[in-house]
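Me: I'd like to go through the side-chain contacts in this one with you. Here is what I have open.

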Amino acid sequence: MKKILIVCVVTIVAALGLYAVFPAVYNKISVFVKSARELTTEREESVTGLREELFPGPLTAETESEDARLNRRSVITTTNSQRLAAGLKALTENQQLNLAAEHKLDDMFAKQYFEHLSPEGRGPGAVIEESGYRYIVVGENLAMGNFKDEEALVAAWMASPGHKANILHTRFTEIGIAVKEGTYKGRKTWLAVQEFGLPASFCPSVNQTLKARIDADTVRADDMSLELIGLQKALRTMPRETASEEEEYKKEVDYYNNLVTRYNKLVAELKADIDEYNHDVRVYNNCIES
């Protein structure tokens, strides 16, 4: 009988000790997870808001040639000559930007408009994204007219401050071009589209798989904490007058202790994941801000 009493006392002390420790640990971790979750959400929103789009007004040729002819590759070469002359790196041709430029040009001829915004309200950013290009910064230059050659076309853009700013933009790394002759408002003319971009891949990506795991583990931790609170209340009111009741109580305490261990392990892993995710977000934000 004395042996049983000693065991009971030890068990009660152990359980009461956990009662005292767990609420403090739970409250601390719950506040941390909530704050970190809000922080990562805020950072994700700020990343989205930092994308930049540069679209100066369309340019029309002041003088025209009867022998007008334009070539995509030559426009890229001439554009890069202007950048190299200004001490900037040459732009790399990107097929997705080429595709976006072609879609834009064909749409202008088909719907007879000459603006960055289509009659349906689709801007260059939407056209570029539909081509599969994910970006941090994009720009678009438009020109219409029978320019003598690629040099005349690029020279006209360079004479316009907004178009020149796109050609010499220090953040652009890629370019896409479309040039084509067609009928606009009843006359034969050439349209030219330049698409500039800094791709999203330029900056290290934020691990979305890690974010999904954080969300799932947060739900798991919340469920476990609710179960632990329920167990606490149940343990305080469990009868322990007989040996069988005492044995049942001991089993519940063991289960509770095991659950506390698993909960604390999950919370530690969750904290590490949140720290890693926030680091990734900070690195990405710093990259696109620079």
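Me: Which residue lies over the face of Y249?

Reply: This is a predicted model, and in it R240 is the residue placed over the face of Y249, at 4.0 Å from the ring centre.

Me: OK, switching to cysteines: how many disulfides does the count come to?

Reply: The count comes to one disulfide, formed by C203 and C287, whose sulfur atoms are 2.0 Å apart. C203 sits in the loop between β6 (187-199) and α7 (208-237), while C287 belongs to helix α8 (residues 243-289), so the link ties together parts that are 84 residues apart in sequence.

Me: And is the link of C203 and C287 left-handed or right-handed?

Reply: The link is left-handed, with -80 degrees about the S-S bond.

Me: Are C203 and C287 buried or exposed?

Reply: Both C203 and C287 are buried.

Me: What about aromatic pairs, how many does a search of the whole structure find?

Reply: The search finds one aromatic pair, made by F172 and F196, and because the ring centres are 5.3 Å apart with the planes at 20 degrees, where under 30 degrees counts as stacked, the pair is classed as stacked.

Me: Where do F172 and F196 lie?

Reply: F172 is in the loop between α6 (161-167) and β5 (174-184), whereas F196 is in strand β6, so this pair ties together parts that are 24 residues apart in sequence.

Me: What is the relative accessible area of F172, and what is that of F196?

Reply: F172 has a relative accessible area of 2% and is buried, and F196, with a value of 0%, is buried as well.

Methods:
Residues numbered from 1 in each chain as written. Predicted model: local features only at pLDDT ≥ 70, side-chain atom pairs only at ≥ 80, totals over all residues. Heavy atoms only, no water. Disulfide = S-S within 2.5 Å. Helix = DSSP H or I, 4+ residues; strand = E, 2+ residues; numbered from the N terminus. Buried < 20%, exposed > 50% of the residue type's maximum accessible area, 1.4 Å probe, protein only. Phe/Tyr/Trp six-rings, centres within 6.5 Å; stacked < 30°, edge-to-face > 60°. Lys NZ or Arg CZ within 6 Å of the ring centre and 35° of its normal.
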